[in-house]
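Today I'm looking up the ligand site and a bit of the surface.

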Amino acid sequence: MSQAATLSNQTKRWQEMDAAHHLHPYTTHHELAAKGARVITHAEGVYLYDSEGQRLIDGMAGLWCVNAGYGRKEIAEAGAKALTELPYYNNFFQTTNPYVAELSEKLSTLTPGNLNQFFFANSGSEANDSAVKMIRFFWNLQGKKTKKTIIARKQAYHGVTMTAASLSGIPSMHPQADLPLPGFTHIDYPYWYGEGGNSNPAEFGLKVAQALEAKILELGADNVAAFFAEPVQGAGGLVIPPETYWPEIQRICKKHDVLLHVDEVICGFGRTGKWFGSETFNIEPDSMSMAKGMTSGYQPLSAVAVGPRMGDTLFNADEEWSHGFTYSGHPVACAVALANIDVMERDHLVEKTGGEIGDYFQGKLSELSNHPIIGETRGVGLLGAMEIVKNKETRERFGDAGGICRDHCFENGLIMRAIGDTMVLSPPLSITKPEIDELFGLAVKALDLTAESLGVS
Ligand code: PXG
């Protein structure tokens, strides 16, 4: 927010209250307080509006989650109905509620393969934390008590609880809380543009997948519980693996009897053009976590899905499973998820993302590779990335271009995420062709301004 002097009194009051009392996620607070937070007051379709009346096209669907778009009355009404009829009851003490039962059945028809049983939590982090507990309990019940270590990937983002942050492989997430916890380790990730040098993508994909086998052999397969990964790494830089990657990962997991857990928190619910990224990439996981798009962010809700191998062992055990949140299977969140899935089905959002709309978006995205500061574009479904580089041949970076570009986007009415010098898009799946034109028109403008700011003529 640049012209503080011209802000309305109401905006200023909100900014002052916020600066004095609200601790924000992932924020350097004195910097934010000096600047004043932008106050978002309402949203409709793919647009956000701030307290000063500026309209922004939301190229990130919130935080990769508002898949159905903003302002869906059907979802709001389903939430209001559940709030009136059953605002809360838990699923402990041998009870259930209609919403969680119906959602569980509905999810079983959407998830791939035989992932048919679901445990509910409130965030992606809690789902991943719960998944690690399930995996450990599974191996304990199997009598394989040394199978403990979870292998995840560098630059992975799996959330922020002690366990989810330990799964995550972004270096800055660890030192403040002395992480990772014991039992978590990270291998290379399949980021061909950034790390592949002159190798061909297929060879690079195989080589990086084989790092999993090397790590399993180093630790001993008897000590490895699971491999944990997203189909497409989202917050880690929109890393789309070469085609050779996932088949090799699956071969290695099967060979060494290492469970495969897929984090579908971003890829799930249509983002890659199928209901789950596992379908897009032909992955057959033992378990899967999901959140964000399940409610399009209208309510906090997440789940872990398990297939029969884990499900039969865990949930036919004689001992009680010692895990569960006060809000596991919350009736309002589940009602909202059901209504969200209804809207997505009725409007064919997943089919459009995998077809006409996704293709149109990808076409516009690839045109940007001709821009003087763009070294590569890549995408799938309604995910897109652009690599800002100083030199297209050597892939040399500016280092500070992402933040500059993000600010130009913001000032001109577009929200685009910067991950280092990689710009990322993940708009609502409800986006239309004219809105995609508008989005890319603004993206080009921001890239031109970024080039100018960086002194590229
Ligand atoms: N797994 C994945 C793949 C995620 O992207 C989580 C788990 C954790 O979910 P919760 O609900 O606990 O936040 C995420 C979250 C960003 C950004 O800036 C991405 C996420 C969260 C916050 C910021 O790209 N993803």
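This is a predicted model: local features need pLDDT of at least 70, side-chain atom pairs count only at pLDDT 80 or more; totals for chains, interfaces and linings use all residues.

**Ligand shell**

I sorted the shell around the ligand first: six nonpolar residues, six polar and four charged. Ala, Val, Leu, Ile, Met, Phe, Trp, Tyr, Cys and Pro count as nonpolar, Asp, Glu, Lys and Arg as charged, and the others, Gly among them, as polar.

Residues are numbered from 1 along each chain as its sequence is written, and side-chain values use heavy atoms, with hydrogens and water left out.

I found 16 residues around the ligand (a heavy atom within 4 Å). Trp64, Gly124, Ser125, Asp263 and Arg417 are the closest.

Which helix gives the largest share of the shell? That is α6, with three residues.

**Polar atoms**

I looked up side-chain N or O atoms by the ligand. Ser125 has one 2.5 Å from a ligand oxygen, and Lys292 has one 3.1 Å from a ligand nitrogen. The protein buries 84% of the 540 Å² that the ligand exposes taken alone (Shrake-Rupley method, 1.4 Å probe).

**Surface**

I then checked Tyr88, which sits in the loop between α4 (73-85) and α5 (98-110). Tyr88 counts as partly exposed because its relative accessibility is 31%, between the cut-offs for buried (under 20%) and exposed (over 50%).

Methods:
Helices (H or I, at least four residues) and strands (E, at least two) are DSSP runs, numbered from the N terminus. Buried means under 20% relative accessible area, exposed over 50%, partly exposed in between (1.4 Å probe, protein chains only). A polar contact is a pair of N or O atoms within 3.5 Å; within protein, one must be able to donate a hydrogen and the other to accept it, and residues adjacent in sequence count only if both atoms are side-chain atoms.
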